[in-house]
Amino acid sequence: MTPSTPIALIPLAAADTVPRASNPLARPVLTMDALPDHMRPERSFQGFILALQRFWAEQGCVILQPYDMEMGAGTFHPATTLRALGPKPWNAAYVQPSRRPKDGRYGENPNRLQHYYQFQVIMKPSPPNLQDLYLKSLAAIGIDAAVHDIRFVEDDWESPTLGAWGLGWECWCDGMEVSQFTYFQQVAGVECAPVAGELTYGLERLAMYVQGVDRVYDLNFNGREGAEKVTYGDVFLQAEQEYSRHNFEYADTAMLFEQFRMAEEACRKYLAAGWREGGNQKEHLMALPAYDQCIKASHVFNLLDARGVISVTERQSYIGRVRDLAKACGEAWIHTETGRAV
Amino acid sequence: MPDLLLELFSEEIPARMQAKAADDLRRMVTDKLVADGLVYEGAKAFATPRRLALTVHGIPARQPDLKSERRGPKIGAPDAAVQGFLKATGLKSLDEAKIQKDAKGDFYIALIEKPGRAAIDVIAEMIPVIIRTFPWPKSMRWGARSAKSGSLTWVRPLHAITATFGLETEEPDVVKFSVDGIEAGQTTYGHRFMAPGAISVRRFEDYEAKLKAAKVILDPQARKDIILEDAKELAFAQGLELVEDQVLLDEVSGLVEWPVVMMGSFEKEFLSIPDEVIRATIRNNQKCFVVKDPKTGKLTNKFVLTANIEAPDGGKTIVAGNERVIRPRLSDAKFFYETDLKTRLEDRLSKFEQIVFHEKLGTQAARIKRIERLAAEIAPLVGADVEKTKRAARLAKADLLTEVVGEFPELQGLMGKYYALAQGEDASVAAASEEHWKPQGPTDRVPTDPVSVAVALADKLDTLVGFWAIDEKPTGSKDPYALRRAALGVIRILIANEHRVHLAEVLGHAVAGYIEQGNSHVRSGVEAWAKPAETIRGTLESAFDAWSAGGVSSFISDRLKVQLRDQGARHDLVDAVFSLGGQDDLLLVVRRVEALGKFLDSDDGKNLLAGTKRASNILAIEEKKDKRTFDGAPDAALYKLDEEKTLAKAIDQVKAEASAAVAKEDFAGAMSAMAKLRPAVDAFFDKVKVNDDDPKVRENRLKLLNEIRAATRAVADFSRIEG
């Protein structure tokens with residue numbers, strides 16, 4: 001496995017060394033200075049998450065809790081995938097545990113995990129100052145744009161399983177990709193009207209940068225020191241080892257193939273059952289439960305893929321099957337109370 | 001005359017699109033100005049990550065007045081026609097119309113004068129259309145307006161438009177228009193972080209200066225110059241040398257508005273990784289330059305980064321941050337490289353059985369076996385050791401499965417060479433890993449080591465034959481399997497190395513490789529040209545016929561024509577040689593074309609060509625008239641004039657000499673022999689009337705003409721030569 005290299009600590013929280021007035025963007029939205037040390041975003045992983053949540057709450061987002069299903073990215077959360085569709089405004093932010101079975105490294109790689117956190121923000125319609133809001137959010141977690149080199153580097157986003165695409169950037173901080181910034185153009189095969197802006201922060205990576213650690217397991221989770229200190233490794237190392245074993249060696253493939261089939265079938269069944277003729281227009285009454293089965297199918301596929309039991313040619317067909325489900329769910333969603341045109 | 005300043009201020013434009021976008025903006029605006037009668041003096045466009053800007057100077061303040069005539073109905077035409085004419089032309093009555101006579105009668109003519117409009121109004125109309133139809137490779141919708149169809153699309157959200165028009169000496173006017181709610185004005189913004197405030201601009205000169213004061217360097221070339229100069233300087237100051245990289249420079253200059261160049265370093269232990277891997281890691285992932293030691297030519301543990309801000313700490317945080325990012329990247333690369341070294345290349349091959357090359361052409365493993373087989377056939381023809389060639393072919397693609405190549409596909413081949421050398425392979429075998437991919441393009445190097453040549457040819461011919469047989473041929477601009485490049489590669493390798501190879505035969509071996517593997521797609525494809533497929537390996541002649549029937553021959557000869565034309569040779573000479581038939585040794589074709597070109601530059605050549613053409617033309621006419629050909633030897637007894645006898649003798653002599661020279665592949669000699677024909681041909685046409693009254697004499701003379709044509713065919717088909 002990749003050897004970890006000597007750590008050179010960078011000056012922490014640049015805001016401490018540079019007069020804040022030099023950069024209006026760095027002016028804290030919250031009184032971060034009033035926080036106890038162990039809650040500061042550059043000291044603790046949880047403080048880091050809380051700072052982001054507070055920042056986006058201030059911007060009028062509803063702060064959701066993680067969706068209660070396994071998924072590969074925060075984008076899969078219905079609060080993004082489905083809520084991005086339809087004309088009604090929607091602003092939300094949430095942490096989503098993201099499972100990438102193939103990225104497991106038995107806890108031996110300093111920055112690859114099969115389970116990690118994404119912080120997801122979705123704003124529909126995309127506000128005109130979304131870039132500025134994003135930069136302010138960085139300031140809120142201790143990244144001062146006057147001292148760091150922050151860049152928006154082209155990155156077109158496409159999700160073949162979700163039938164979605166958008167244009168935007170990878171956001172770089174001193175040469176490191178810290179976030180993904182996307183203007184959704186299409187989701188679940190449906191044109192976004194209006195367009196939603198999506199921000200995804202890779203929380204561990206950002207926190208490692210802010211805390212100045214080179215190994216994810218060394219992140220200070222609770223901001224305490226000495227005997228009270230809990231690290232990311234204390235929380236997740238064993239899980240990484242166990243799930244890597246599971247994902248690559250033991251996950252029951254016969255069961256998973258069956259689960260994929262069942263999820264696909266259930267999704268179609270719920271979709272079919274949900275359509276109603278209401279007045280002049282068609283109406284759907286079960287888009288959300290159907291979409292859960294699509295999420296399920298997608299995760300099961302990822303597990304099968306990690307187990308190496310899906311050949312290159314089959315792979316495309318599985319992705320296509322999930323996409324078909326996602327599209328059918330999108331179509332159903334825009335005929336629900338929340339998803340349809342007013 | 002007034003100048004126009006236009007700026008389109010947006011969120012970050014992808015670096016790779018900026019140069020073309022600036023050019024498109026200049027072209028679209030200036031083309032439209034000219035089309036609208038506004039001939040300008042000069043224009044220049046610029047791009048930064050956040051803006052496209054255009055200055056056009058010397059635009060007339062008004063369009064010229066336009067006068068035109070419009071023809072109306074005949075005098076006495078029905079009233080409806082007259083009313084329609086008046087309505088269309090704006091005339092009040094027919095009294096205002098002129099009357100014009102022509103052959104068909106008297107017509108009303110309206111004189112229409114269209115006064116020119118103020119240029120600023122014309123511009124205000126054209127810019128919104130240009131913005132809405134701008135040819136971005138990919139564009140997007142955004143914001144609340146995207147709820148409605150027909151909302152503006154741009155590469156990224158467009159925030160502001162600056163458009164001013166006026167004389168240098170006066171306060172310019174704002175060009176008044178709006179696009180999807182964005183009003184044109186004269187306000188732009190400075191650097192995103194260092195001077196984000198609004199700036200009011202009047203005209204290009206103060207626009208550029210004010211931007212500079214607000215930490216934006218508008219001209220991409222100026223940004224490139226700064227980056228390159230500063231980067232060289234930083235390296236030089238440490239006794240080092242920047243590894244220049246134009247593509248990277250272009251990209252980096254499109255990622256910053258205010259370039260600040262700094263140097264960072266990484267741990268020396270990473271220098272154990274091959275230089276190319278270090279460079280690919282730092283360049284692709286971090287968009288940084290690498291630095292070498294001029295004494296050794298090897299990379300050092302430094303890199304050069306370009307930031308977008310002047311930080312109050314002198315950039316210390318930025319450099320430290322970049323170093324922190326580069327370290328794990330190099331650490332990954334080192335890990336990949338060292339992991340790769342642990343597995344021998346041949347041990348990777350079994351994995352190729354799982355990888356489909358093309359659904360009709362089988363797996364990569366099958367492909368590699370065919371290439372090995374074919375390379376072994378080619379090896380003796382190009383002077384390569386057969387065993388080394390087979391080994392090289394077997395290992396040449398194994399690096400595709402290595403970690404480093406998985407990460408950096410552009411290092412394919414090169415890594416194979418490193419790994420082959422590391423596992424103790426012969427130098428020629430190792431080199432073939434890298435060389436067999438070449439030449440990648442018309443300017444790429446051609447392999448020269450015989451082992452590399454054999455593998456490179458085998459690889460390309462296998463691809464060519466396979467895709468051709470399953471009918472995946474290039475059409476128009478589409479060539480998804482790069483068959484044109486493969487064919488051109490074959491041509492360049494053979495000619496540059498002066499290898500004599502009968503392509504018909506070698507292509508036959510390539511087909512055999514597929515057929516031995518039981519590939520029914522290729523078999524049925526080939527059987528469409530040659531039945532049964534095995535005849536393709538029969539005599540050279542039958543093979544050649546099959547390649548001609550399948551269109552492979554003309555595909556290759558077309559590529560050769562392109563190649564020779566690029567070198568300045570005449571394409572008709574290539575046709576003249578190929579038209580002889582059976583030409584599958586490309587080196588000989590080229591030699592013939594060269595000799596023919598020289599010959600035709602001489603007086604003898606030109607006159608002989610004229611004489612031969614004359615003979616061919618007469619024959620063509622008479623053959624058509626008599627509905628027969630005039631083959632067969634002329635009868636010496638029927639010669640009436642000395643010129644006939646002399647010509648007949650010259651033909652016999654030239655035929656013998658030219659054929660002997662051609663047999664020795666002495667094409668220059670063949671041409672000199674041919675030259676001896678000229679005085680006899682000239683004299684013949686001078687004194688002899690071909691269409692003699694005596695039909696027997698006439699027939700005999702036509703046969704003699706046919707002999708001229710036949711004699712020249714020893715070197716080329718003169719009828720295909722132009723001029």
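Trainee: Where does Ser244(A) lie?

Mentor: Ser244(A) is part of helix 5 of chain A, residues 232-250. Keep in mind that this is a predicted model.

Trainee: Is Ser244(A) buried or exposed?

Mentor: Look at the relative accessible area. Under 20% counts as buried. Ser244(A) has 0%, so it is buried.

Trainee: Which residues does Ser244(A) touch?

Mentor: Leave out residues up to four places away in sequence. Then Ser244(A) touches Gly104(A), Arg105(A), Tyr106(A), Gln114(A), Ala239(A) and Glu249(A).

Trainee: Now chain B. How is chain B divided into domains?

Mentor: Domain 1 covers 3-61 + 118-213, and domain 2 covers 66-114. Domain 3 is 220-341, domain 4 is 346-568 and domain 5 is 594-720. The C-alpha centres of domain 1 and domain 5 of chain B are 70 Å apart.

Trainee: At what angle do helix 23 and helix 25 of chain B pack?

Mentor: Read the angle against a cut-off: over 145 degrees counts as roughly antiparallel. Helix 23 (residues 642-663) and helix 25 (residues 677-687) of chain B pack at about 155 degrees, with axes 9 Å apart. These two helices of chain B are therefore roughly antiparallel. Their crossing is left-handed.

Trainee: Which residues make the contact?

Mentor: Helix 23 of chain B supplies Glu643(B), Glu644(B), Thr646(B), Leu647(B), Ala650(B), Ile651(B) and Val654(B). Helix 25 of chain B supplies Leu677(B), Ala680(B), Val681(B), Ala683(B), Phe684(B) and Lys687(B).

Trainee: How many residues of this contact are nonpolar, polar and charged?

Mentor: Sort the contact residues of helix 23 and helix 25 of chain B by type. There are 9 nonpolar, 1 polar and 3 charged.

Technical notes: Residues numbered from 1 in each chain as written. Chains lettered and ligands numbered in written order. Predicted model: local features only at pLDDT ≥ 70, side-chain atom pairs only at ≥ 80, totals over all residues. Heavy atoms only, no water. Axes fitted to C-alpha atoms, helices over the stretch in contact; angles between N-to-C directions. Helix = DSSP H or I, 4+ residues; strand = E, 2+ residues; numbered from the N terminus. Parallel < 35°, antiparallel > 145°, perpendicular 65-115°, else oblique. Left-handed = near helix turned anticlockwise from the far one by under 90°. Contact = heavy atoms within 4.5 Å. Nonpolar A, V, L, I, M, F, W, Y, C, P; charged D, E, K, R; others polar. Domains from an automatic or database assignment. Buried < 20%, exposed > 50% of the residue type's maximum accessible area, 1.4 Å probe, protein only.
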